[in-house]
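Please open the structure in your viewer and keep the selection tool at hand.

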Amino acid sequence: MTHFDALEIRSRDQRNADQGSALAALIEHAVTHAPGMAAHLGAVGRVSSLEQLATLPVLRKSDLGAAQKASPPFGGFAAGRSHHAFQSPGPIYEPGGTGDDWYRMGRFAHAAGLGADDLVQNCFSYHFTPAGMMFESGAKAVGARVFPAGTGQTELQAQAAAHLGVTAYAGTPDYLKVILDKAQELGLSLGIKRAVVGGGALFPSLRAEYADRGIACLQCYATADLGNIAYESAAMEGMIVDEGVIVEIVRPGTGDPVAEGEVGEVVVTSLNRDYPLIRFATGDLSAVLTGESPCGRTNMRIKGWMGRADQTAKIKGMFVRPEQVAALVERHPEIARARVTATRQGEQDAMLVQVESDGVNADAVSDSVRAVLKLGGQVEVVAKGTLPNDGKVIDDQRSYD
């Protein structure tokens with residue numbers, strides 16, 4: 001299979017060197033042209049290699065939202081001209097561009113087999129959020145035509161797909177089934193053979209149903225802030241990180257990278273000079289998948305979306321946050337990992353703090369728990385490697401039914 005470009009098949013050393021140079025230039029550009037990013041980076045400022053990236057502060061949506069309120073619309077984080085302004089829940093505002101596959105969706109469209117012979121029914125919204133524009137830019141990058149259908153009006157969607165001879169679908173994973181079922185109800189024959197989906201979970205049973213109908217369905221992982229982050233190829237073994245971003249997996253509540261294969265929060269640096277978000281925390285959990293994809297693309301792979309990193313819980317009337325658990329670990333070098341579990345005992349909240357260590361003093365940890373979490377709880381010292389590798393540092397097991 002041909003690849004989108006030579007960047008996809010670079011050696012690891014070449015990619016690291018190229019991205020290290022691009023990162024240094026990006027930061028220089030951001031510090032000069034994006035005052036919000038310059039203020040966020042502060043004195044730490046510049047780095048010259050990928051290895052130094054983890055020394056920079058993490059940028060969170062809350063930081064971006066606060067900056068946008070102080071300096072609308074983009075908080076001083078945009079560093080180039082934008083053609084559109086979008087709004088996501090929060091509200092958070094994002095700039096958008098129209099040229100040169102600005103959202104980097106072409107790589108995904110190509111991996112899914114879309115090309116000049118395809119007419120794509122784009123059922124992502126074109127309003128408020130950039131999803132519709134994102135997928136349109138990807139179709140354009142591979143020469144496909146687009147029917148900008150947007151959302152809703154299912155009967156009209158099915159009729160248009162039949163009358164226009166639509167060959168591919170773009171949208172959320174489950175809405176394609178709604179259109180297919182409506183077409184069957186109306187006695188319409190559809191020619192959809194490929195689907196590119198995002199914005200929701202693609203369950204294996206749903207993918208299998210599409211395959212039974214002769215539709216190859218692949219998914220990507222993208223956000224309104226960053227564009228495409230990672231995507232599936234026909235190999236369907238994890239998601240391949242896009243060449244226009246640098247992805248780190250960090251311990252929730254911190255900016256510290258975790259070991260390869262360990263679940264953590266996805267932090268992304270976008271090499272987009274118009275909107276250079278550096279170490280932007282997505283709030284999503286994932287893990288690095290070792291090795292390279294059988295499809296021949298050589299970039300790092302992730303396991304896909306594995307939950308949310310924001311595990312804040314209210315226990316005994318007090319909020320406990322991931323960054324507090326991280327601060328607890330930092331107090332004791334002997335601790336490898338920690339996990340707070342909230343349960344109910346009788347009619348009261350109970351908190352268990354488990355720490356992985358080969359020799360930490362439990363009483364000292366208890367004192368730190370009270371100082372950092374502002375709560376008392378049971379402390380249990382467990383052997384290293386005991387806690388589940390699921391990215392959770394706060395596990396709320398209370399039933400709210």
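Which residue just after helix 8 takes a positive phi? Select Gly214: in this predicted model, Gly214 has a positive phi of about 85°.

**Helix 8**

Next, select residues 204-212, which form helix 8. Colour Leu206, Arg207 and Tyr210, which are buried. Viewed down the axis of helix 8, the buried residues fall within an arc of 100°, so they line one face of the helix. An α-helix has 3.6 residues a turn, so residues three or four places apart point the same way.

Now turn to the other side of helix 8, where Pro204, Ser205 and Asp212 are exposed. A residue is called buried when its relative accessible area is under 20%, and exposed when that area is over 50%.

**The annotated domain**

Select residues 112-269. The unreviewed UniProt entry annotates this span as "domain: AMP-dependent synthetase/ligase". Residues 112-269 are 27% helix and 28% strand, and the end C-alpha atoms of the span lie 24 Å apart.

**Ser71**

Finally, select Ser71, in the loop between helix 3 (61-70) and strand 1 (84-88). Is Ser71 buried, exposed or partly exposed? Its relative accessibility is 36%, and Ser71 therefore counts as partly exposed.

Key: Residues are numbered from 1 along each chain as its sequence is written. This is a predicted model: local features need pLDDT of at least 70, side-chain atom pairs count only at pLDDT 80 or more; totals for chains, interfaces and linings use all residues. Side-chain values use heavy atoms; hydrogens and water are left out. UniProt positions are given in the numbering used here, feature names are shortened, and annotations may be inferred rather than shown by experiment. Helices (H or I, at least four residues) and strands (E, at least two) are DSSP runs, numbered from the N terminus. Buried means under 20% relative accessible area, exposed over 50%, partly exposed in between (1.4 Å probe, protein chains only). The arc is that of the directions from the helix axis to the C-beta atoms.
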